[in-house]
Amino acid sequence: MKHLDVDSLKDVIGELVRAGCAPERMEEIATRAVFRGLRVEGLDARAALAVQEEMLSAGGEAAVPGNALESAGSDLSVLLFGTLGDYRRLMVGLGSRGERFRPLAAALRTALMNVEGSKPPPPVECARGRLVFGSKTYVMGIINVTPDSFYDGGKHFEIEKALNTAVEMHEAGVDIIDVGGESSRPGAAPASEEEELRRTVPVIKGIRGSRARGAIISIDTRKAVVAEKALEAGADIINDVSALRHDAGMAKVAAESGAPVCLMHMLGTPADMQNDPRYVTDVVFEIVSFLAERVEYAVSRGVRRERIIIDPGIGFGKTVEHNLEILNRLREFRVLGHPVLVGASRKSFIGKVSGLEAGERLEGSLAAAVAAAARGADVVRVHDFAETLRAVRVADAVFRKRRMVRGG
C-alpha cells in the first residue's frame with residue numbers, strides 16, 4: 001500500500017492518468033478528491049448564515065460563531081471545509097441568491113484556484129532563447145501560410161511575403177513567430193502532410209537565413225512529421241491545437257527533440273467544433289481538467305514538464321459566452337503551474353460582441369489582448385503585432401507595475 005501525496009487538482013489528475021482512468025471520469029473524481037479549507041471574513045450576520053446554509057446544502061461543512069444571530073456588525077468569519085465539488089455547488093448557490101452574493105462567489109473561486117497559481121511559471125528554454133515569465137507579456141506573431149485562414153488567408157501564401165512579415169515582426173520586437181500551414185478555422189478542410197510541409201518548411205528556412213534569423217519560431221501543426229521537419233528547418237516550439245491527440249507520434253517528436261510544446265484545448269475538431277458546443281458543468285473547470293490530463297499524458301511520454309505551455313483555446317469549440325468567461329477567469333489556469341497562451345486575435349466572438357467583420361476587429365483584438373494580459377496571460381498570439389506590442393507594453397506597466405517610459 002502506498003500513500004498518495006495529492007494536495008492539488010494537478011496531483012490528483014496526474015495519479016488518475018498514471019492509473020489509466022477513463023478521461024470522462026477524471027473531472028468527477030478530481031472534484032471529490034481535492035479538499036480545501038477556507039476562512040471567509042468580514043461578513044454580516046445575514047451573509048454568514050447564507051454562506052453556511054449554502055455550503056451545508058452543497059455537501060460540505062461550515063462553522064459560524066454561536067452568536068451570529070445577535071451580531072449587528074460586518075466582522076463575522078465563516079470556516080468552510082469541502083471538496084472542489086462542494087465549493088462549486090456553493091458558488092452556484094450563492095450566485096442564485098442575487099447580485100449581493102455574486103462578488104463573494106467570484107472571490108471564493110479565485111481563492112480556490114489561486115492556491116498554486118500565485119507565482120509565475122518557471123522559464124521555458126528554447127533552442128534560441130529563454131522565455132522568463134512574470135515581468136512581461138510575450139507577443140507571438142501569426143504567419144499563416146495558407147489560402148483559407150479566417151482572417152489572413154492568402155496574405156502570406158507566397159514565401160517572399162511571409163519572410164517580409166517575419167522580418168517586420170522580429171525588428172518590431174515580437175517574441176515568437178508562429179508559422180502555420182493548415183487552417184484551423186471552423187469548418188476548415190485539413191491540409192495533407194505534403195502540402196503542409198511544402199508551405200511551412202521553406203518559410204522557416206527562409207527566416208533562419210534572413211535578418212530575423214535569431215527569432216524564436218513556433219510551428220503550428222497537429223502532424224508529427226510536419227513538426228519534426230519544421231524543427232530540423234529551424235523551428236523552436238511545437239504549437240499543437242490538438243494537444244497531442246491528433247497524431248500519436250507527436251509526443252515522441254516533442255520528447256526526443258526537447259522542444260517546448262503548447263497544448264491547446266479544443267472541443268471536437270476544426271470541422272465540427274462550433275456545432276453547438278456544450279460543457280456539462282463549468283467551462284473553465286472542464287478545460288483546466290482537460291489540460292491537466294494532457295500535461296500528464298505528455299510527461300508520461302517523455303516531454304519535460306518545464307517545457308509545456310497551455311492554451312485554453314479561445315474560439316475552439318466555445319460560444320461567445322464561453323470565450324468571455326474564459327478570458328475573465330484566466331488566472332484560474334495558473335493552478336496548473338504552466339505558462340498560459342491566449343489567442344483571441346480577430347476571432348468571431350469579438351465580431352459578435354462588436355457587430356464587426358474580421359477585417360474591422362483591430363480594436364476588439366487589442367482589448368482582448370490587454371484583458372488577457374491583465375488576467376495573467378503569459379503569451380498572446382496575435383495578427384496585429386505592432387499595435388499589440390504597444391498595447392501590452394502599457395498593460396504590463398499598469399498590471400505588472402513595470403516602468404516602461406520613453407523620452408520625457
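Biologist: Which residue is the bridge partner of Ile219 in β9?
Modeller: Ile219 bridges to Ile238. Strands here are DSSP runs of E with at least two residues, and helices are runs of H or I with at least four, numbered from the N terminus. Keep in mind that this is a predicted model, where local features need pLDDT of at least 70 and side-chain atom pairs count only at pLDDT 80 or more, while totals for chains, interfaces and linings use all residues. Residues are numbered from 1 along each chain as its sequence is written, and side-chain values use heavy atoms, with hydrogens and water left out.

Biologist: How many bridges do β8 and β9 pair over?
Modeller: Three, in the parallel sense, between β8 (residues 216-220) and β9 (residues 237-240). Two strands count as paired if DSSP finds at least two bridges between them.

Biologist: And what's the strand order in the sheet?
Modeller: β11-β10-β9-β8-β7-β6-β13-β12, an open sheet of eight strands with parallel pairing. β11 (308-311) and β12 (341-342) are at the edges with a single partner strand each, so one side of each has no neighbour in the sheet.

Biologist: Is Ala243 buried or exposed?
Modeller: Buried, at 0% relative accessibility. Leu244 is buried as well, at 3%. Buried means under 20% relative accessible area, exposed means over 50%, and partly exposed is in between (1.4 Å probe, protein chains only).

Biologist: Which residues of α13 are buried?
Modeller: Ser365, Leu366, Ala368, Ala369, Ala372, Ala373 and Ala374. Their cover includes α11 (320-328), β12, α12 (348-354), β13 (379-382) and α14 (385-399).

Biologist: You mentioned α11. What does His322 touch?
Modeller: His322, which is in α11, touches Pro277, Tyr279 and Val283, leaving out residues up to four places away in sequence. Contact means heavy atoms within 4.5 Å. His322 and Pro277 are 45 residues apart in sequence, and their C-alphas are 9.3 Å apart. At 14% relative accessibility, His322 is buried.

Biologist: Last topic, rings. How many aromatic pairs does the count come to?
Modeller: One. The ring centres of Phe133 and Tyr138 are 5.5 Å apart and the planes are at 70°, so the pair is edge-to-face. Rings of Phe, Tyr and Trp (its six-membered ring) pair if their centres lie within 6.5 Å; planes under 30 degrees apart are stacked, over 60 edge-to-face, and the rest tilted.

Biologist: And which residue lies over the face of Phe285?
Modeller: Arg88, at 5.1 Å from the ring centre. The charged end of Arg294 also sits over a ring, that of Tyr297, 4.3 Å from its centre. That call needs NZ of Lys or CZ of Arg within 6 Å of the ring centre and within 35 degrees of the ring normal.
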